[in-house]
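Thanks for coming, everyone. I have one model to walk through today. Please keep the viewer open while I talk.

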Amino acid sequence: MNAQPTTPLGTLYGVGVGPGAPDLLTLRALKVIQEADVLAIPRPSDFGTSVAWSIVKPHVDSQPIADTGAKQERLFLTFPMSKDPDILVPAWHHAFQEIQSRLRQGLSVAFLTQGDPFVYSTFIYLQEKAREMEPLLNIEIIPGVTSLSAVPAAAGIPLADGQERIAVIPATYGLEELRSTLRAFDAVLIMKVSSCIRGVIKVLEEEGLLGCSTYVERATSKDQKVVHDLTQIKGDRCVYFSMVFVHKKLRSGVLSGKTSHGKGLQAQVHQEVVQ
Ligand SMILES: C[S@@+](CC[C@H](N)C(=O)[O-])C[C@H]1O[C@@H](n2cnc3c(N)ncnc32)[C@H](O)[C@@H]1O
């Protein structure tokens, strides 16, 4: 059983730090990061580098906390890249214990998350653990620019317009659903393609969608790479921070006055413009 803290608990912040470029950090994120007593920084292994930290570091390195002049703690936490609960659950548990001990001293903790903390993020599990172990804890989410918007921007292709429907699918959980998703949606963001890029390309080819697919890695960072011709991608693996963006462009936007079903949008367009 957990001992009850004597001082009020500090606040836990889930801070989205954006997709890669340090200047895509929001003003709110920057303020929280600069003022927090502790920065909790996730990394994939004990010696691995943290992408979230590389984004934040230029803004805070060796900077004392505003007002107090105290030095901010940088708490590196290891979250192994695994789908095995026997590996992950103890890692989350350990990470939260480390954070909890700071919160119980009344310290504020900003947990850095690449992109947005509520989009396929370790913070989601951490928050679950926190709610279970500290039901009275105040948790604040600072949304970040997510890769879901960074990738279309890097590709130079709008994500969706008018009647278009968007789907997001993580490729690592099987390619069976990818085919039906590709058929049902106008724009599909295929995340986590690194280890299954060959399978993804094969499905796109079979569906006749290679021509409207773009591969983007490390969007917005200085190492960003955009490939519009997927046949140029060689090898069985690509980098972890990569995505394939499929946009069929079948449906027209509201201003063109057409739909894939042919007619019927003119009256609706008129109404939307008049309102
Ligand atoms: C664990 S998820 C993290 C998503 C993140 N929380 C967000 O809001 O974008 C990791 C996956 O997001 C995608 N991703 C994240 N950042 C990216 C970037 N800068 N460029 C391309 N893909 C990215 C990749 O598909 C990667 O495998």
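Start at S50. With 9% relative accessibility, S50 counts as buried. The cut-offs are these: buried means under 20% relative accessible area, exposed means over 50%, and partly exposed is in between, with a 1.4 Å probe and protein chains only. S50 sits in the loop between β2 and α2, and α2 covers 51-60. Helices here are DSSP runs of H or I with at least four residues, strands are runs of E with at least two, and both are numbered from the N terminus.

What does the side chain of S50 reach? The backbone oxygen of P42, at 3.0 Å. The backbone nitrogen of W53 is also reached, at 3.0 Å. Both are polar contacts: a pair of N or O atoms within 3.5 Å; within protein, one must be able to donate a hydrogen and the other to accept it, and residues adjacent in sequence count only if both atoms are side-chain atoms. Leaving out residues up to four places away in sequence, S50 touches I41, P42 and R43. A contact means heavy atoms within 4.5 Å.

Before going on, a word on what you are looking at. This is a predicted model, so local features need pLDDT of at least 70 and side-chain atom pairs count only at pLDDT 80 or more, while totals for chains, interfaces and linings use all residues. Residues are numbered from 1 along each chain as its sequence is written, and side-chain values use heavy atoms, with hydrogens and water left out.

pLDDT is the predictor's confidence in each residue, from 0 to 100. The chain averages 88, and 85% of the residues score at least 70. Now look at residues 262-275. There pLDDT stays under 50, and the model has nine contacts beyond four places in sequence for that stretch.

S45 is partly exposed, at 32% relative accessibility.

Next, the whole chain. It has eight helices and 10 strands. Of its 275 residues, 44% are buried. Take the contacts with a separation of 6 or more: residues 24 or more positions apart account for 69% of them. The chain exposes about 14,600 Å², and carbon and sulfur atoms supply 54% of that. Accessible areas come from the Shrake-Rupley method with a 1.4 Å probe; for residues, only the protein chains shown count as cover.

On to β4, residues 109-113. How many of its five residues are buried? Five. Side chains in a regular strand alternate between the two faces of the sheet. In β4, V109, F111 and T113 are on one side, A110 and L112 are on the other, and all are buried.

Which strands pair with β4? β1, residues 12-16, pairs with β4 in the parallel sense over five bridges. There, V15 has L112 as its bridge partner. β2, residues 38-43, also pairs with β4 in the parallel sense, over three bridges. There, V38 has V109 as its bridge partner. Pairing requires that DSSP finds at least two bridges between the strands.

Now the ligand. It is surrounded by 18 residues, and the closest are Q114, D116, V119, S147 and S242. Near, here, means that one heavy atom of the residue lies within 4 Å. A polar backbone atom of D116 is 2.8 Å from an oxygen atom of the ligand. For V119, a backbone N or O atom lies 2.7 Å from a ligand nitrogen. For S147, an N or O atom in the side chain is 2.6 Å from a ligand oxygen. Taken alone the ligand exposes 560 Å², and the protein buries 95% of that.

Last stop, backbone angles. Most residues other than glycine have a negative phi. R218 has a positive one, near 45°. R218 lies in the loop between β8 (213-217) and β9 (225-227), and is partly exposed at 34% relative accessible area. T220 is in the loop between β8 and β9 too. Its phi is about 75°, again positive and again not a glycine. T220 is partly exposed, at 22%.
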